[in-house]
Amino acid sequence: MPILLFLIDTSASMNQRTYLGTTYLDIAKGAVEIFMKLRARDPASRGDRYMLVTFDDPPYGVKAGWKENHATFMSELKNLQASGLTTLGNALRAAFDLLNLNRLVSGIDNYGQGRNPFFLEPSVIITITDGNKLTHSSGVPDELHLPLNSPLPGSELTKEPFRWDQRLFALVLRLPGAAVPDSEQLGSVPSDESAITQMCEVTGGRSYCVRTQRMLNQCLESLVQKVLSGVVINFEKTGPDPPPVGEDGLVDPARPLSSFSPQPWHSCHKLIYVRPNPKTGVPVGHWPIPESFWPDQNSPTLPPRSAHPVVRFSCVDCEPMVIDKLPFDKYELEPSPLTQYILERKSPHMCWQVFVNCSGKHSDVAQPFGYLKASTTLTCVNLFVMPYNYPVLLPLLDDLFKVHKLKPNLKWRQAFEIYLKSMPPYFLPPLKKALRMMGAPNLISDNMDCGLSYSVISYLKKLSQQVSFHCISFSYIF
């Protein structure tokens, strides 16, 4: 169920008139209505949830949140007035806090237990502003700063105010006051140069510099396409570049090695699509992306995590591994310089392993939890998520079924025990479930724990209860 949150600039400068004879605020209201009409063409829009936040001081900025219906949203939108300051940082923080309100209650972020891409609440925040100087009661700041403190309990568990399934886009209105000759070329709309652009890019979104009504319509068409079910990941290359390949996809020793300077495909900050199950409309998956730390049973706290996991990929060609009946998760990557580079290599039968630093028991070693692979038709690149250190586990399971016929000897049991101890403990529940599905239900004892200390588990439970009460009064406190 996508959440579409509109953050509307209600500073006094939004009263300026454009060559169309309307104010910037009128254009912003109209843009929201056009977007909703365009979005309504998609049958998936039936599950959409709309929210409305403005630059008004708390608690008055949230006009339509979790408890308001569609009629309230439209009424509040219609009645917006522009009279305040350009307090973009505070308004953005309020928008993210509103979105994050229910996450600790639902447990969607799964803190300390791995990140499940299929636990998501895809949200698109669309800010409509005139891009004027940021203003505050204490002066005119040069940079956009989001307040570090949040009224939400547990906000310290994530370093950033946003989450990996929340992307920020900005329509920065630059329509002139007087008509100019229409020399506009249709094509991609450039990003704006205002303070919000960098914040958009950090979340995996972007800004648009809007100079005409036609450009605005083009941007709205583009934004409707951005309402996707997915999470943003930082893909970072580790180790040397791969050897160059020729047109046939084979290694070409005659071609020069690429330079050691950073290339665009070395680091990509992009979405992986998390498709809902066609029957239920809910995404289904099995394996988490590992945490960047090993759970410590003696630690009273959890280290704060980054909103977007850093997934490192090694450019060493490996054979993709799968065995009968063992489930795996497959996510298509959003097009990027990385996907383009992999597809141009024309090696659909090879894969590159992926890792998360510090995820293993010994912090200097990280084992692969999956791989990147081009589709056999070379039309897209997929991230396959497997059990942790799958190159060790899969041959063991293959032997269990084909050699030992589910009656393993002592040597096999010892090897399996060593594997289990090297795997982050939060992989145990999905592994037990997978083994049960495969017909081997009793391989892992029930007394193995999740790896978190009692104080951390108690803290997370306490947070969930605190936030439940907080949800009731949030709209009044904010």
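H404 lies in the loop that links helix α8 to helix α9 (410-422). Helices (H or I, at least four residues) and strands (E, at least two) are DSSP runs, numbered from the N terminus. H404 counts as buried because its relative accessibility is 18%. Buried means under 20% relative accessible area, exposed over 50%, and partly exposed in between (1.4 Å probe, protein chains only). Leaving aside residues up to four places away in sequence, H404 touches D399, N409 and W412. Contact here means heavy atoms within 4.5 Å.

The model is predicted: local features need pLDDT of at least 70, side-chain atom pairs count only at pLDDT 80 or more, and totals for chains, interfaces and linings use all residues. Residues are numbered from 1 along each chain as its sequence is written, and side-chain values use heavy atoms, with hydrogens and water left out.

The protein has 11 helices and 13 strands. Of its 478 residues, 51% are buried. Among contacts between residues at least 6 apart in sequence, 78% join residues at least 24 apart.

A barrel is closed by 7 strands in the order β7-β8-β10-β13-β12-β11-β9, with mixed pairing. Neighbouring strands of this sheet are turned by 35° against each other on average, direction ignored. Axes are lines fitted to C-alpha atoms, for helices over the stretch in contact, and angles run from 0 to 180 degrees between N-to-C directions. Helix α7 (residues 337-344) packs on the sheet and touches β7 (230-238), β8 (267-273), β9, β10 (329-333), β11, β12 and β13 (381-385). The direction of α7 makes about 65° with that of β12.

Strand β11 (residues 352-355) is covered on both faces. W352 and V354 are buried on one side, Q353 and F355 on the other. In a regular strand the side chains alternate between the two faces of the sheet. Two strands pair if DSSP finds at least two bridges between them. Strand β9 (residues 310-314) runs antiparallel to β11, joined by 2 bridges. F313 has V354 as its bridge partner in β11, and R312 has F355. Strand β12 (residues 370-374) is also antiparallel to β11, through 3 bridges. Here Q353 is partnered by Y371.

The largest nonpolar core has 59 residues. Such a core is a set of buried Ala, Val, Leu, Ile, Met, Phe, Trp, Tyr and Cys residues joined through side-chain atoms within 4.5 Å. The residues with the most contacts inside the largest core are F235, F313, L338, L372, L383, F416 and L431. Helix α8 (residues 390-402) supplies the largest share of this core, 6 residues. Beyond residues up to four places away in sequence, F235 touches H266, S267, C268, I272, V311, F313, L333, L338, L372 and L383. A second, separate core of 37 residues includes A31, L80, V124 and L220.

L220 is one of the buried residues of helix α6, with M215, L216, C219, L223 and V224. These buried residues pack against α1 (24-39), β4 (123-129), β5 (166-173) and β6 (207-210). At 1.5 Å a residue, the 13 residues of α6 (residues 213-225) should span 18 Å, and the end C-alpha atoms are 19 Å apart, which agrees. The expected span is 1.5 Å times one less than the number of residues.
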